[in-house]
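This report goes through some local features of a structure, strand pairing before helix. The structure is shown next.

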Amino acid sequence: MATNQQQVLISPAELAYLHASLSLSPEPIRPDGRSSTQFRPLVAETDILPGTNGSARICFADGSEAIVGVKVEVEKTKPKAGAMINPEEGKEEKGDTGVEGGGGFDDDKKNYSNDWVELAVDIPGHRDDDPGTAFLGNMILEALLEDGELVKRLRINSRFHWKMYLDVLLISQPLSYPLPLLSLTTHLALLSTRLPCLISEGDEDPMFDDDWAASTNLYPPRGEKSKLSTSRPPITLLVMSVGHSILFDPTYEELAVADAVLAVSVSEEPTKPVPQDTIATPKQAKDRALRLLSIRSIDPPSRITPPGVPNGLNPATNGEVAGLQPKHAEARTAEVPATEGVWKAPRGGVSRSVLSAMVFKALEKGGVADEVLDGLQGVEMASEILE
Amino acid sequence: MADRRRINGPVGVTSPPVYANHTPGKAQKDTVQQRPDNTLRQIFLKTGITPSASGSAYLEVTGPSTNGPSGLKLNCTVHGPRSLAKSTPFTPYTTLTTHVKYAPFATRQRRGYLRDSSEKDLGVHLETALRGVIIADRWPKSGVDIIVTVLEGDQPREVFKGTPDEGIDAMNVLSGCITVASAAIADAGIDCVDMVAGGVAALVASEEDKGEPRFVLDPAPSEHDKILAGCCVAYLPSRDEITNLWYKGQTSGNDTLLYTQLVEKAVQASRGANKVLVDTLKEGVTEAGKQSKGSMEVDR
Amino acid sequence: MLAPAKPINCPLASCLAWSACPTKKFTNCSDSELSLFRLPPSAPVTTPSTDTINRFDLYLRATSVLDSVFSHSPARNVAMPLDTSTYSMALLRVDGRRWNELRRLHAQIRTQSASDGSSYLEMGHTKVLCVVTGPTEKLASQRMASSSSSSLLDVNISIAGFSSVDRKRPSRTDKRVSEMAFTVQQSLNKAVHAAIFPNSTISISLTVLSQDGSLLASLFNAATLALVDAGIPMSDYVTACTSGSTSSYAAADDAADPLLDLNRQEEQELPFLTVATLGGSDRVCALVCESRVQVSRLEGMLAVGVDGCKQVRTLLDRVIRERGAKMIEEGAIARGDVVGAGDEMDTEED
């Protein structure tokens, strides 16, 4: 995890308090007074950089800020392995037969490849080859590719495709785990992405309309005629569990006492392509079907928090405070038993039922994923009105 | 980053020759699943193979067909716990570092000597799986390095039409890494809360797209045309807990049963691997000094 | 322009990339881009490759202070008629500016709440974000590393992959970028009262979102604004801008006139230098010239550059003052609180 390489700077007493207040049932008490499923308020804007095909910026209330820029280039599609290779093309394409057969899950005829999308994450203070950064990038990319819709939209014809570069920049220092921020910003940037209008036909070399006003959205807005399905890019939510509580969008302090942290990527179930003559009606939250794309567990920083020392074992209090008898003198070196109100880093994993509960809560109808998608749709619509 | 320290081979790949009488398409796919869906492939596990390391283990999973060599071969060494450098700040815990590296020849596409992003990704997964298992507060101010080398990466040698995406072989590799690292940690004598083992399960579309998709334990990438979803867990059997969960696939959010079943199957696979792990370690204890082969078939 | 698409390695690739490039948004588009856009399809629309920038015979860096020699220079008085009403249309630049005009400069401070100081600066289409964290205690590792050169500032520049026309993979080891970071760090170090913060570090991280010439100058200006926002005591603003010459070196045109604030297209074709001065004075704290130019032209270019820096200073000062006034209005700070901050920025010209 990108942020937990550094030490957690919270004292054992604070950790014990946080743990106790967050594991209260039925409703945990969070340090910022949010409910367990509430997101922090955020400011979002799209289409901020005219030099990119699509861009977005999101600021969380805690001051963390991210910018995502999307650039596309035309690239020649490599022939799929095992496909017939033209004799004249065979020379230059030699050695390409090992290309990953990615994206093969859908339509084998159409030669999609996961190599069409490239994503780079930049976190200040971390090298770009840092394992935590690589993990973050792979997590966002995994959801985009598993969705399968993005790659399909990048196809131009059987010989050419768009190569998409996503540059994800975290501008502020990583305060909490930046995954939700980066994922939401990527979602908005993809929604604002426009591609030049294709005016050539069939498999000939692609020609584009040079009028930017004629460009088309990669994800056409709702209510517009389109031959593509009305899917939206996926989003990744961060879910953590403490005791029996399940919390969404955890802050740095909350993560420091987490039992388990999961990143859950979801997207909307795409509807069938709408025939050209009918207009797709905007979807209501009620009939939105969600799709589970990927889940990853994230190493909670709680495992490397400093443990508290119970009074019974503390040499400073001589083990005799508040009528507590010094139990075992030798116990200092042996295992410290779990004591109420004394912080101890969690050990082991979490049970299957807790993990399932976390996933189900994210996918719930009218739950957090729905709410976030609605919020993002609001941003999308606001930017349309401005246009 | 370009690797300037070593003499690198030519970029790109060299594929083994494909002969003309190979008819493209279905006929090429000669590996058909021979074992039942709910069994694992054969696992070979041996500890203590690198004398210079604190602990080490070697794991092999057979390929789908007896003559095809495309299985999984992993080597793991554990160094430590040892004291950290003086300049590092105080930690009350063992600092765990994990490295997963593919050998250049482990996959179809040649790998470079420097770790690429997918290898680092696997390293982070492995760290997540192991950090919960090791009782880290018993060694303050110390570090443990876990290095896994993937000698063979469970990829079919030939690419044919319906090869599923590379996700599932990465999951198989991760699951192997978890099991082999667990054995090596035990060999090094590092205290753990339980023996962790990895398990993979997948939801596979049935042949010719007829009938219901089915669940397969320990799926071999070359045996299946289309993998709908995959799941890899690191599971602690005696505590009934999961330290690492990695799920990938396209399943409907309303159909949560599918997810639950898939995790259940992955846990089942992990239990199987755990049996091999425990037997190997027991053997290592009883026949101390004399290392015997701990190969056995697991059927469930 | 309809550029036929070819694989990206063909000679037309750059045109192709251009046709796919979304800068063709006519709204909010500078004239420089429009004129670029009017190039015939066969004209090479190139982007400056960092590898091909040559170090020519003149490479001048003055991080030490060049005292005000230029106030007596004749170039300033002779250079151009300042009465621009009679300036002929023929002498307008590609983006419609006159020789001594800056591009639109837009700046904001306090753009991000999590950091100690932050700023956003646009010089034409060059867009830079700056975040300042600190002063903080130096880490043990940093103390070890920088024991020889105890520098208060730690400058980090990241150039976004999408900032130029063609997408470029960002690389941390780019020598050009680290050289820019070093220049900014060395020059700002002179302006900051470093003695107040012993054994501490202030990290300045600059993000380039869009590039259209005058990159180094924008980095300087953004960093200055963010430092002011962070409340770091400085002797004055460090402001920078570029200046160039109207004809290339090869033209050997002695009558070439100086130009102020070059955009990307001009930078590619004309010799130019970046100059940073300390506030309203003529004290030059950084001077970088990486192109071949006759010595005789240099003086005029420098004089125009120094003059531009003064204009930039006025603009930046206005941004700071407006923001300060707004904060007092909103009650974010009390009027009496602005002891140091206000005085510091007051200079003799007020």
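A:Val242 has A:Ser245 as its bridge partner in β9(A). This is a predicted model, in which local features need pLDDT of at least 70, side-chain atom pairs count only at pLDDT 80 or more, and totals for chains, interfaces and linings use all residues. Residues are numbered from 1 along each chain as its sequence is written, and chains are lettered from A and ligands numbered from 1 in the order in which they are written. Strands (E, at least two residues) and helices (H or I, at least four) are DSSP runs, numbered from the N terminus; two strands pair if DSSP finds at least two bridges between them.

β8(A) and β9(A) make a hairpin with two residues between them, and A:Gly243 in the turn has a positive phi of about 55°. In β9(A), A:Ser245 and A:Leu247 on one side and A:Ile246 and A:Phe248 on the other are all buried (20 or more other C-beta atoms within 10 Å of the residue's own, placed from the backbone).

Chain C holds an open sheet of five strands with mixed pairing, in the order β2-β3-β4-β6-β5. β2 and β5 of chain C stand at the edges with a single partner strand each, so one side of each lacks a neighbour in the sheet. In β6(C), C:Leu206 is the bridge partner of C:Cys130.

| Pair | Residues | Sense | Bridges |
|---|---|---|---|
| β8(A), β9(A) | 235-242, 245-248 | antiparallel | four bridges |
| β4(C), β6(C) | 126-137, 200-210 | antiparallel | nine bridges |

Helix α6(C) is largely enclosed by the rest of the structure, because 15 of its 15 residues are buried. C:Gly231, with a positive phi near 75°, follows α6(C).

Note on methods. Buried ≥ 20, exposed ≤ 12 C-beta atoms within 10 Å, placed from the backbone.
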